[in-house]
Amino acid sequence: ADQLVQAADKAHDFYTRFADHSEAAEARRLEIGLLNFAAQLGNTNAAARAEQLEAARLKDPALPEDERIELRIQQLQRTMAMRESTNQMAALTELENGVRALQKEFPKREEIGGLLMLAAERWLEANEAGKASALAKEVLAATGNEEVQAAARDLQRKAERLGKPLDVKFTAIDGREVDLQKLRGKVVLVDFWATWCRPCMAELPKVKATFEKLHPKGFEILGISFDRERKALDRVLKEEQMPWPQYFDAEKMENSFGEAFGISSIPTMWLVDKKGMLRDLNVRDDLAAKVEKLLAEPD
């Protein structure tokens with residue numbers, strides 16, 4: 001965050017010293033963008049400074065629409081980053097309301113479809129499938145952007161799976177035959193990951209600790225590896241002593257489960273209850289607490 005602020009200072013110095021330079025306007029945009037990134041990393045002074053600069057720029061009636069919507073989106077993103085840590089549901093409501101305000105202000109901009117999808121994804125991460133699906137349906141009806149439409153269709157499929165049985169069958173790399181629906185009575189984490197994924201490896205100590213603590217009470221894990229090299233996967237499984245079964249298939253260009261379930265990024269962690277129903281699409285936060293809650297439910 002400090003380095004981002006320092007970079008913002010250099011951008012400010014540039015357009016102050018060279019106000020007539022062809023890149024002065026870009027330097028102004030860059031300064032605000034860098035400060036917003038710093039604010040998202042927790043630098044409150046950067047947040048206040050970005051807010052002041054944005055307010056001054058937005059008062060300019062000659063401000064181009066491209067820059068105006070960029071500033072308004074940055075304001076919304078910064079507000080969300082500050083709110084989410086305190087009250088997730090309130091923050092998500094504020095996010096959707098903010099996107100609606102932008103929709104009225106910029107009704108013809110393509111960015112609105114992407115912002116609606118962002119709100120839909122956040123609602124789905126909070127397991128609010130109905131709200132997420134409704135937003136995705138709206139996006140499908142309103143945008144002609146093929147990439148955004150594809151994301152909306154993937155999200156709808158995920159939302160439809162929530163609260164329903166999840167079908168996961170495979171032969172693990174150690175030869176074990178895995179069928180998720182035969183694990184009724186257990187709480188199961190389906191972990192989409194890869195050894196080359198740094199955030200995945202950063203999550204691993206927490207996953208291992210939860211397994212060691214709660215496996216005796218009925219907690220299981222199924223690993224869905226996105227690795228392309230078997231040697232790297234074998235090495236990490238041995239070094240980290242990961243006893244749960246792992247799916248791996250180097251013969252296919254795309255991960256079969258990733259493609260079927262619309263997994264667009266990893267780590268992704270899904271939680272299945274003792275009745276075999278998919279209950280949570282985002283358990284990276286409070287994994288142990290969420291597992292214990294499902295373990296306490298009747299079979």
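Modeller: Helices are DSSP runs of H or I with at least four residues, strands are runs of E with at least two, and both are numbered from the N terminus. With that convention, P267 belongs to the loop between α11 (256–261) and β6. The model is a predicted one.

Colleague: Which residue does a cis peptide bond join to P267?

Modeller: The partner is I266, and omega of this bond is about 5°.

Colleague: How do I read a pair of aromatic rings, and how many aromatic pairs does a search of the whole structure find?

Modeller: Two quantities describe a pair of aromatic rings: the distance of the centres and the angle of the planes. The search of the whole structure gives 10 aromatic pairs. Take F170 and Y247: their ring centres are 5.6 Å apart and their planes stand at 75°, so this pair is edge-to-face.

Colleague: Why does the pair of F170 and Y247 tie together parts that are apart in sequence?

Modeller: F170 sits in strand β1 (residues 169–171) and Y247 in strand β5 (residues 246–247), so the contact ties together parts 77 residues apart in sequence. F170 is buried at a relative accessible area of 7%, and Y247 is buried too, at 8%.

Colleague: What is the geometry of the pair that F192 and W270 form?

Modeller: This aromatic pair is also edge-to-face, with 5.2 Å from centre to centre and 70° between the planes. F192 comes from strand β3 (residues 187–193) and W270 from strand β6 (residues 268–272), so the pair ties together parts 78 residues apart in sequence. The relative accessible area of F192 is 0%, which makes F192 buried; W270 is buried at 2%.

Colleague: Which residue lies over the face of W123?

Modeller: That residue is K131, at 4.2 Å from the ring centre.

Colleague: Now the helices. How does the span of helix α3 compare with the one expected at 1.5 Å a residue?

Modeller: The general idea first: an α-helix has 3.6 residues a turn, so residues three or four places apart point the same way. Helix α3 (residues 44–58) has 15 residues and reaches 21 Å from its first C-alpha to its last, close to the expected 21 Å. Its buried residues are A46, A47, A50, E54 and L58. They cover an arc of only 100° around the axis, which puts them on the same side of α3. N45, Q52 and A56 are exposed on the other side. At the start of α3, a side-chain oxygen of N43 comes to within 3.1 Å of the backbone nitrogen of N45.

Colleague: How far apart are the end C-alpha atoms of α2?

Modeller: They are 25 Å apart; the 17 residues of helix α2 (residues 24–40) should span 24 Å at 1.5 Å a residue, so the two values agree. Buried residues of α2 include A24, A27, E31 and I32. Just after α2, G42 has a positive phi of about 105°.

Colleague: Which residues other than glycine take a positive phi, and where do they lie?

Modeller: Among them is N127, with a phi of about 65°. N127 is in the loop between α6 and α7 (129–142) and is partly exposed at 24% relative accessibility. Q241 has a positive phi near 50°. Q241 lies in the loop between α10 (230–240) and β5, and is exposed, with a relative accessible area of 66%.

Colleague: How do I read a disulfide, and which cysteines form one?

Modeller: A disulfide is a covalent bond between the sulfur atoms of two cysteines. The count is one disulfide. C197 and C200 form it, with their sulfur atoms 2.4 Å apart. The angle about the S-S bond is 80°, and the link is right-handed.

Colleague: Are C197 and C200 buried or exposed?

Modeller: Both C197 and C200 are buried.

Terms used
Residues are numbered from 1 along each chain as its sequence is written. Side-chain values use heavy atoms; hydrogens and water are left out. Rings of Phe, Tyr and Trp (its six-membered ring) pair if their centres lie within 6.5 Å; planes under 30 degrees apart count as stacked, over 60 as edge-to-face and the rest as tilted. Buried means under 20% relative accessible area, exposed over 50%, partly exposed in between (1.4 Å probe, protein chains only). A charge sits over a ring if NZ of Lys or CZ of Arg is within 6 Å of the ring centre and within 35 degrees of the ring normal. The expected span of a helix is 1.5 Å times one less than its number of residues. A disulfide is a pair of cysteine sulfur atoms within 2.5 Å. The arc is that of the directions from the helix axis to the C-beta atoms. A polar contact is a pair of N or O atoms within 3.5 Å; within protein, one must be able to donate a hydrogen and the other to accept it, and residues adjacent in sequence count only if both atoms are side-chain atoms.
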